Amino acid sequence: MLLQDTALIFGRYARQTLRSRFAMLFGALTPLLYLLFFGPLLTGLPLASRGTSWQVLVPGLLLQLGLFGAAFAGFTIIIEKNLGIVERMRVTPVSRLALLLGRVLRDAAVFVLQAVLLILAALVMGLRAPLAGILIGFAFVALLTVSLASLSYALALKVSTPQEFGPAVNALTMPSMLLSGLMLPMALAPGWLDALSHFMPFRYLVDAVRDAYVGSYATAHMLYGVLVALGFAALAVTVGTRVFRRAGA
């Protein structure tokens, strides 16, 4: 029943997404602008001990796509609450976990598609990375999306208006971007800032994907990244499901 319910909810939101292809593609615009206008400034700079500047920048842009896109996913459920859609779902026998999973799996599919478009553009710009590393990057984007979208929906169910939701998400995503080394490796930062960044879980994902893009898979960064990504996803889905149950959504 859980699989059937999840597929039902996923199909509902996937059809909504397909009816708005422009919005789906527009979500990849910010990382593409970074790629086009910021990437060439880094060409040839020694940003890391291994790999090119593209192998440093592109993994960060991939996770930036998941970070900002998934973190704001909760806006849709605020609209649904105001329209009474959440209340109508409340009276159905559909699993509360399925109500969450159907949404976040749709989000993961959308952002992985946007990540594919970003990688295609990066290949044209000069990125060279092993296929296995690129696929690993997509997996990390999917896990990050599931995690952050789950928390985003949970937060959206707790607030009443978009005016409350937006500033709260901004207050969390901006420090996350700055301290996780999405744009530049934190190894370039002063010692105190580098040490502070180790408390940011997204840093471990970024380091893991950068290792994958230079063909290094059996590394400490990869191990930590996988453990943090899986643990964060499990925690976020658990929290999101509990909020859905308590909110009756």
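A salt bridge is counted here where a side-chain nitrogen of Lys or Arg comes within 4 Å of a carboxyl oxygen of Asp or Glu. The structure is a predicted model, in which local features need pLDDT of at least 70 and side-chain atom pairs count only at pLDDT 80 or more, while totals for chains, interfaces and linings use all residues. Residues are numbered from 1 along each chain as its sequence is written, and side-chain values use heavy atoms, with hydrogens and water left out.

The protein contains 12 helices and zero strands, where helices (H or I, at least four residues) and strands (E, at least two) are DSSP runs numbered from the N terminus. Read along the sequence, the pattern is therefore α-α-α-α-α-α-α-α-α-α-α-α. The C-alpha trace spans about 60 × 35 × 35 Å along its principal axes. The radius of gyration, taken over C-alpha atoms, is compared with a globule rule of 2.2 Å times the number of residues to the power 0.38; for 249 residues a compact globule would have a value near 18 Å, and the protein, with 18 Å, agrees with this. Of the 249 residues, 48% are buried, a term that means under 20% relative accessible area, whereas exposed means over 50% and partly exposed lies in between (1.4 Å probe, protein chains only).

A search of the whole structure finds five salt bridges. In one of them, the side chains of Arg 103 and Glu 80 meet with a distance of 2.9 Å from N to O. Because Arg 103 lies in helix α7 (residues 96-125) and Glu 80 in helix α5 (residues 75-83), this pair ties together parts that are 23 residues apart in sequence. Both Arg 103 and Glu 80 are buried.

Arg 203 takes part in salt bridges with two partners, meeting Asp 194 at 2.4 Å, N to O, and Asp 207 with the closest N and O atoms 3.2 Å apart. Arg 203 and Asp 207 are separated by about one helical turn, because they stand four residues apart in helix α11 (residues 201-213). Arg 203 counts as buried because its relative accessible area is 10%, and Asp 207 is buried as well. A network of salt bridges that share partners joins Arg 12, Glu 80 and Arg 103.

Helix α11 is mostly covered, with 11 of its 13 residues buried; among them are Phe 202, Leu 205, Val 206 and Tyr 213. Just after α11, Gly 215 takes a positive phi of about 85°.

Patches are made of residues with over 30% relative accessible area and no salt bridge, like charges being joined within 9 Å and nonpolar side chains (Val, Leu, Ile, Met, Phe, Trp, Tyr) within 5 Å. Accessible areas come from the Shrake-Rupley method with a 1.4 Å probe, and for residues only the protein chains shown count as cover.

Phe 26, Leu 29, Leu 33, Leu 36 and Phe 37 make a nonpolar surface patch of about 500 Å², to which helix α3 (residues 29-42) gives the largest share, four residues. Phe 37, placed in helix α3, counts as exposed because its relative accessibility is 62%.

Lys 158, Arg 242, Arg 245 and Arg 246 gather in a surface patch of positive charge. Lys and Arg count as positive and Asp and Glu as negative, with His and the chain ends not counted, and the place of a charge is taken as NZ of Lys, CZ of Arg, CG of Asp or CD of Glu. Helix α12 (residues 220-247) gives the most to the positive patch, with three residues. Arg 245 lies in helix α12 and is exposed, with a relative accessible area of 55%.
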